[in-house]
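Me: I am new to this structure and would be grateful for a guided reading, in questions and answers.

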Amino acid sequence: MSTGRVRTKKKACSSDQSPDSLPVRSSGRQVKKKAAEAADDDDEASEKKYRKCEKAGCTATCPVCFASAAERCAKNGYTSRWYHLSCGEHFCNECFDHYYRSHKDGYEKYTAWKRTWTSNGKSEPSPKAFMADQQLPYWVQCTKPECGKWRQLTKEIQLTPQIAKTYRCGMKLNNSTKTEGSDQCSMPEDLRVAEVSDHWWYSMLILPPLLKDSVAAPFLAAYYPDCVGMSPSCTSTNRLPGESNLVKLEHLKSVPNLTVAGMNKYFQPFYQPNECGKALCVRPDVMELDELYEFPEYSRDPTMYLALRNLILALWYTNCKEALTPQKCIHHIIVRGLVRIRCVQEMERILYFMTRKGLINTGILSVSSDQYLLPKEYHNKSVIIVGAGAAGLAAARQLHNFGIKVIILEAKDRIGGRVWDDKTFTGVTVGRGAQIVNGCVNNPMALMCEQLGIKMHKLGEKCDLIQEGGRITDPTIDKRMDFHFNAILDVVSEWRKDKTQHQDVPLGEKIQEIYKAFIQESGIQFSELEEKVLQFHLSNLEYACGSNLSQVSARSWDHNEFFAQFAGDHTLLTVGYSTVIDKLAEGLDIRLNFPVQSIDYSGEEVQVTTADGTVWTTQKVLVTVPLALLQKNAIQFNPPLSEKKIKAINSLGAGVIEKIALQFPYRFWDSKIQGADFFGHVPPNSSQRGLFSVFYDMDPE
């Protein structure tokens, strides 16, 4: 029966047996095929369980999604694609869809962020930028000196400077500051933290860090935040409601000096857009040449460097009375992700560079021996400074604060050089030398006055011209002759454009030549008073140059204008410069009555010999003596100074200005000049040009 045949077991047959064996043989092949397919399925399942990051060079073998936003987030499992932010930070395709797809729950949050970003920033508001700016967790370092480990905060925690300043391992940040047990610091640090320090880690970073709520934001309101290292999504960088970004920027660009509320108006460390020629100023959106030389790794994308440099500068000018240290800076670095660790590590390098450059930590600071401004490798160095004038004392103060051993050798029996105040008049200080600060914006004198709490008296621009006999000159005449005077200087500027040094002539001679040609060609005849007023303006130019115009170069009389100048107000230090100079000198090793005769720098160490025969040995020497002494070869150098230096020394000039202080029984000038700080004296003739040219009121209070 058929059923019997089905139930009967047959022996296996060889291939040359009857056709009845063929179905059995065919069935065996199918089993083998199915077994192979099953094995392939297992491999595919294994592949689907993990997927590597597709970013070339990424070290993450099993990425983990940091976002955990989507309901079906891959977490540490399989996803069709991993999105790379750094070697330790990825998000899965499901979380990408959660924010990017319009039918998903996170889409509204992404688009709201995108609107804010595009209204304030310049870079693309991509999903990766959104994740880096809004979803990456913050990292914070334990503040216990014996720990210092980095911990990842939970997603809902917003990092603040206060949290960064006080955080300890295990600290609960929601409603309490209690710690979870006493052994939290013993927990191992995340392995990803160690990778951040490696040189290649930064090159694998997809997006540069943009700081949140940077202290620099008020200084940089005229710039796109993401062009100066700040996040466009923060309230501190937001534009005004209803105001387009273009309108905002154009308005701010038109403001010449952007000042920050509550800050000294002379502190302007950043150039505003389209601004130039201001001393001790940096462009917040560009690295300078010396910065690129020191930090070549940021040449391709300088964003991180700019973010940290701008932050450091802003913090310094926010409080210039205390030394700025890395510890004071790192709490203000607010940025999501592992890149915050890298920012904190880089902060120290950048801060030390800016300190050496003199952009920060300058002026009159009290620095103890255990808090020097530079690392220990600088502390075993020695420097001798020749000259205890303003330059020598400022340099000595700075080097001393760096931790370097400094000795100042001064020929006179006092410090100060050209700064020498006279207090003979009761209640009034008269500077025998310097007393006016010309251009206060970013001027070191303005900084030191702020550090010492000294008020600077702003000099007004009004300058009435008083003739012999006391009559005030008609302002229209002064204005007219000032115009002609400046027109003559403009002609000089045109003349010198193609002139070599050998074609140079005295400025006074060239001005007289141009003036005569103008009179002949125009037929204009100036009145006697107008001629005298023109002589006053020429005397004012001589006052600025410190020399008669016959000794001034027509080709190079204003060569200093090619370099950044101290801009802004001119002020009078009513208390005298010596108040500042004395503070600079406090605590320094100054040897008075030690005129230097020779400097031998032919060996490994430098030997300085003074007039009494004493030989001083040091590693470096800084010479700050007056130009006249160098021109007279008062100090012998071995080996001799280079020909280039000697030529520069002999090509420069230093003029002399005489000051005479007079005290009167009453202020007879008040009724004439109506509160002005100074007035000019119209010379009776050209031979007396510059004699008692300008009178200053030394007691403006």
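Predicted model: local features only at pLDDT ≥ 70, side-chain atom pairs only at ≥ 80, totals over all residues.

Me: Is Asp301 buried or exposed, or partly exposed?

Reply: Asp301 lies in the loop between helix H10 (289-294) and helix H11 (303-318). Its relative accessible area is 28%. Buried would require under 20% and exposed over 50%, so Asp301 is partly exposed.

Me: Beyond its neighbours within four places in sequence, with which residues is Asp301 in contact?

Reply: Leu207 is 94 residues from Asp301 in sequence, yet their C-alpha atoms are 9.8 Å apart in space. With neighbours within four places in sequence set aside, the residues in contact with Asp301 are Tyr202 and Pro208.

Me: How are helix H3 and helix H5 oriented at their crossing?

Reply: The axes of H3 (residues 93-100) and H5 (residues 127-135) come within 11 Å and cross at roughly 95°. Angles of 65 to 115 degrees count as roughly perpendicular, so H3 is, relative to H5, roughly perpendicular.

Me: How far apart are the end C-alpha atoms of helix H4?

Reply: Helix H4 (residues 107-120) has 14 residues, and at 1.5 Å a residue it should span 20 Å. The distance between its end C-alpha atoms agrees with this: 20 Å.

Terms used. Residues numbered from 1 in each chain as written. Heavy atoms only, no water. Helix = DSSP H or I, 4+ residues; strand = E, 2+ residues; numbered from the N terminus. Expected span 1.5 Å × (residues − 1). Axes fitted to C-alpha atoms, helices over the stretch in contact; angles between N-to-C directions. Parallel < 35°, antiparallel > 145°, perpendicular 65-115°, else oblique. Buried < 20%, exposed > 50% of the residue type's maximum accessible area, 1.4 Å probe, protein only. Contact = heavy atoms within 4.5 Å.
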